[in-house]
Amino acid sequence: MFYFRTILTLTLIAVSLSSHSQSSATDTTAHFVRVEIQPEYPGGYGEMMKLIKKEMQYPKAARRSHIEGTVMVTFVVGKDGSLNDVETLRDIHPDCDAEAARIIKAMPNWIPGKVKDKPVLVRFNMPIKFKL
């Protein structure tokens, strides 16, 4: 079956874009890049992989063209665990890029990251590999 032939590799990487944290406690657009407690998918990495394997639909046009590679998706985990500002940083094919973003948007809220026991915004990069 196609789904069993598709290899999906996913790694969570907290983005370390700068050495600063949040600029202001009331600023809702700033986000942490280094936190004490990282955001986490409910149930952990294994459960997230199950959801991705279940949801992923390798785009037909990309499959026909033998397109393989890694789409790098970036998103912000909100203070309430919601996933926002989903964008692709590195793309391989418009359909694969859209599929990777769709999967992220389909995820339930995460457990938010924390600094000093308070939920904070955290930016994540997530590579999603498409391989036939």
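The side chains of Ser82 and Asp80 are joined by a polar contact of 2.6 Å; a polar contact is a pair of N or O atoms within 3.5 Å, where within protein one must be able to donate a hydrogen and the other to accept it, and residues adjacent in sequence count only if both atoms are side-chain atoms. The model is predicted, so local features need pLDDT of at least 70 and side-chain atom pairs count only at pLDDT 80 or more, while totals for chains, interfaces and linings use all residues. Residues are numbered from 1 along each chain as its sequence is written, and side-chain values use heavy atoms, with hydrogens and water left out.

**Ser82 and its surroundings**

- Ser82 sits in the loop between strand S2 (69-77) and strand S3 (83-90); helices (H or I, at least four residues) and strands (E, at least two) are DSSP runs, numbered from the N terminus.
- Another polar contact, of 3.1 Å, links the side chain of Ser82 to that of Asn84.
- Ser82 has a relative accessible area of 15% and is therefore buried; buried means under 20% relative accessible area, exposed over 50%, and partly exposed in between (1.4 Å probe, protein chains only).
- Not counting residues up to four places away in sequence, Ser82 touches Val76, Val77 and Asn109, where contact means heavy atoms within 4.5 Å.

**The S2-S3 hairpin**

- S2 and S3 run antiparallel and are joined by five bridges; two strands pair if DSSP finds at least two bridges between them.
- The two strands form a hairpin with five residues between them, and Gly81 in the turn has a positive phi of about 90 degrees.
- Thr74 stands opposite Glu87 in S3.

- Helix H4 (residues 94-106) has 13 residues and reaches 18 Å from its first C-alpha to its last, close to the 18 Å expected at 1.5 Å a residue; the expected span is 1.5 Å times one less than the number of residues.
- The buried residues of H4 include Cys96, Asp97, Ala100 and Ile104.
- Their cover includes helix H2 (45-55), helix H3 (60-64), S2, S3 and strand S6 (122-130).
- Ile92 lies in the loop between S3 and H4 and is partly exposed, with a relative accessible area of 26%.
- Among the residues that Ile92 touches, not counting those up to four places away in sequence, are Ile67, Val71, Asp97 and Phe130.

**Aromatic pairs**

- The structure holds five aromatic pairs; rings of Phe, Tyr and Trp (its six-membered ring) pair if their centres lie within 6.5 Å, and planes under 30 degrees apart count as stacked, over 60 as edge-to-face and the rest as tilted.
- The ring centres of Tyr41 and Trp110 are 6.3 Å apart and their planes stand at 85 degrees, so this pair is edge-to-face.
- Tyr41 is in the loop between strand S1 (13-14) and H2, and Trp110 is in the loop between H4 and strand S4 (113-115), so the pair ties together parts 69 residues apart in sequence.
- Phe75 and Phe124 have ring centres 6.1 Å apart and planes at 15 degrees, so they are stacked.
- Phe75 lies in strand S2 and Phe124 in strand S6, so this pair ties together parts 49 residues apart in sequence.
- Phe75 counts as buried at 0% relative accessibility, and Phe124 counts as buried at 3%.
- Tyr41, Phe75, Trp110 and Phe124 form one aromatic cluster.

**The protein as a whole**

- The secondary structure comes to four helices and six strands.
- Of the 132 residues in the protein, 43% are buried.
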